[in-house]
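Please keep the sequence and the coordinates open while reading.

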Amino acid sequence: MKIKRISIKLLGTILPIMIISMILLTVISAKSSEKIINEQIGNRMVAELSSSDGKMGEYLDSVSNMATTIARIVETGYRDISMDEYLAMLTAIIQDNDIVLGSGLWFAPNTYDPGETYVGPYVYKDTNSIEITYDYSNAEYDYLNQEYYLMTVDATSAKFTDPYYDAVSGMIMSTCAMPMRVNGQFVGCVTVDIEISTITKIVDEIAVGQTGKAFLLSGSGIYLAGVDSEKIMAEANILDESNQALVAAANTILSTEYGDTKSLVDGTVKNLYYCTLDTGWKLVIAMNTSELSGPIKQLTAQLVIVATIAIIIAGAIVLMQILSMSKSLKNVTAFSSSLAEGDFTIDSLAVRTADEIGQMGISLNKMYASNKDVICEIKNHAADVKDSALKLNDSAKVLKEDFANIQGFMTEVNEAMLTTSAATEEVNASTEEVLANTSMLAGETDSSLKMAAEIRDRASDVGNNCRKAYDSAISLANEFEKKLEECMENAKVVDNIEILAQAISGIAEQINLLSLNASIEAARAGEAGRGFAVVATEIGNLAVSTSESVQQIQDTIQEVQGAFKSLSDEASGLVSFLQDTVAPDYSSFVGVAKQYGDDAEAIETSSNKLAKMADTIKHIMQEVTDAIQSIAEATQDTTELSTKILIAVDDVSDSVEEISTMSGAQDEISGNLNTVVSKFKL
């Protein structure tokens, strides 16, 4: 269905676009805001995790440094310092540190005491006293297969075991183990046992927003802090939870260093932000997703309200503008309809705006004034046009008869001139053919002259080049022979190198003999001469290697001498070839080039005579051709002129006939014009 009202069409086009644009703007703003808010929350969570990680890291670093210090002290003097001194040191360290529950020295089998497999004294706090025990230095406990010992065998720094709940003390404990190495060899480890209540307290105190709480997991997923004490005492593992969504999130947390994920926890969807401590434990902050999405929902609602108000206001403004435009268009339409009906008695349009519609009204007013003036002029002069057409028609008939007579006379003149022109053209064609043949002969003689000159020049160039080549060949042969003699003199240096190689070979034999004698003397010296024997053996090997190198040098010298002999023979043959073959050939070429130049001069003389004769004939024939051509051109000009006159007469006759026809049509048009103009109201 076609819509006739432009206001409805514009509203139907603009409003949907505005609504869709505002909806898209609202959605994009909401998404962008959600992204920004999530990034800010994520940054805050990362900052909180980093802060907590830093606090716990300071606590754990102090323990790690303590274990490292003990290990360094023990590994530097465990063979010289008594065990009692080490135990006194451990006792003092435990007394001065509230977080340390105990410390032990666990030596590798037969390291501290070659006769003992297990040497592992342990110092620990017992109520208000410090106790020392060797109860763990036996095969029954077998500390060699305990976690803290095995994890240090290949380690280079302190390692923490997963925390565990001690039912006797009611505390969560962890062990920091540091390997002891002497000259890169593992000799045992030092352990420092700590209770991590300080760490669990830090975790329990973490709070973000209204619902953000933290909990701590071991590297294997055991709850350490931030959850019910029952789970901690039972050493519950997050991977054993019945909530599969939480288990899936836990797998993500345990398999990556840091990040965030979502999960359903206690019937509530939570965002989980996590990081990994240096010990491998996982610190996790859980916050209700609804708390995170609340600001986003509030912002989205505000954006929807603002967009709705903007659409209403914009729609009202657009409607007002459309109604104003529609009114102006109605006035223009009524004015155009009156003009279409031929009514020029109406008033001009009243233009009140400067927009496109106002410009259109101004243009219509101009068209109205211009057309009214034109129609008035046509009406006033229509009768005069009719009278002029009648007179023109009579004159055209008289002219037509006169031009018909002229056309007959010019036709007869033209036929006579065509006959004369044809005869002249036949004579001219014959003369031009003779002249063309003469020109060809002259051209051939000119070509012969040029070819003779080129042959003479080339013969001269060939002679000069051959003479230069002959001189160059002789000079090259002499110079090459001289350089060959110099090269053969230089080749004698190879003989000197051979003499030096023989001398080096003799020295190598003497060094080899000296090495053999030194080895014998070192063997006699026994253990004291072992180092000297190694040196003597190396010298012997060097002497053998030197002999082999000298042999290779001598072989190479023989090959070089053979190559110089071959070079000398080949060069001698080349010199003979230049002197005996190339030079005589170049001399022969010089004589041939001279004969070639003499022949070219003879050809040039004959060609000059022939060229002079061809020029004389060509000059005579050119004069005859010019005379005939002048006659032909005059005849042709006369023929063409008469033809042009005849054509012009035909054209004028046709024009007169057309004028006669047009004058009759003009009479009819002037009558129709009067009828049409009478329809306009002026």
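Helices and strands here are DSSP runs, numbered from the N terminus, with at least four residues (H or I) for a helix and at least two (E) for a strand. The model is predicted. On that basis the chain contains ten helices and 13 strands. Of its 682 residues, 32% are buried. Among contacts between residues at least 6 apart in sequence, 63% join residues at least 24 apart.

By class, the lining of the largest cavity has eight nonpolar residues, no polar ones and one charged residue.

In the loop between β9 (212-217) and β10 sits G221. Is G221 buried or exposed? G221 is buried because its relative accessible area is 0%, and buried means under 20%. Leaving aside residues up to four places away in sequence, G221 touches A236, N237, I238 and L254. The C-alpha atoms of G221 and L239 are 6.4 Å apart, although 18 residues separate the two along the chain.

Open space is next. The largest pocket holds about 590 Å³ of space. It is lined by 23 residues, and those closest to its centre are Y122, Y164, D166, M173 and D193. The elements that give two or more residues to this lining are β1 (100-107), β2, α3 (147-150), β5, β6 (171-182) and β7 (185-195). Which element gives the most to the lining of the largest pocket? That is β2, with four residues. By class, the lining of the largest pocket has eleven nonpolar, six polar and six charged residues.

The lining of the second largest pocket divides into nine nonpolar, four polar and six charged residues.

Strand β2 also takes part in a hairpin. It covers residues 122-126 and runs antiparallel to β3, residues 129-133, with five bridges joining the two. D126 stands opposite S129 in β3. Two residues lie between the strands of this hairpin, and T127 takes a positive phi near 60 degrees.

That value leads to the backbone angles. Most residues other than glycine have a negative phi. In N110, which is not glycine, phi is positive and near 60 degrees. N110 lies in the loop between β1 and β2, and it counts as partly exposed because its relative accessibility is 40%, between the limits of 20% and 50%. In D142, also a residue other than glycine, phi is positive and near 50 degrees. D142 belongs to the loop between β3 and α3. Its relative accessibility is 17%, so D142 counts as buried.

How many disulfides does the count give? It comes to zero. C189 is buried, with a relative accessible area of 0%. C275 has a relative accessibility of 11%, so it too counts as buried.

Technical notes
Residues are numbered from 1 along each chain as its sequence is written. This is a predicted model: local features need pLDDT of at least 70, side-chain atom pairs count only at pLDDT 80 or more; totals for chains, interfaces and linings use all residues. Side-chain values use heavy atoms; hydrogens and water are left out. Ala, Val, Leu, Ile, Met, Phe, Trp, Tyr, Cys and Pro count as nonpolar, Asp, Glu, Lys and Arg as charged, and the others, Gly among them, as polar. Buried means under 20% relative accessible area, exposed over 50%, partly exposed in between (1.4 Å probe, protein chains only). Contact means heavy atoms within 4.5 Å. Two strands pair if DSSP finds at least two bridges between them. On a 1 Å grid over the protein atoms alone, a cavity is a set of points where a 1.4 Å probe fits but cannot get out, and a pocket is an open set with protein on both sides within 12 Å along at least five of seven lines; lining residues have an atom within 4 Å of a point. Grid points are joined across faces, edges and corners, and a volume is the space filled by probe spheres set on the points. A disulfide is a pair of cysteine sulfur atoms within 2.5 Å.
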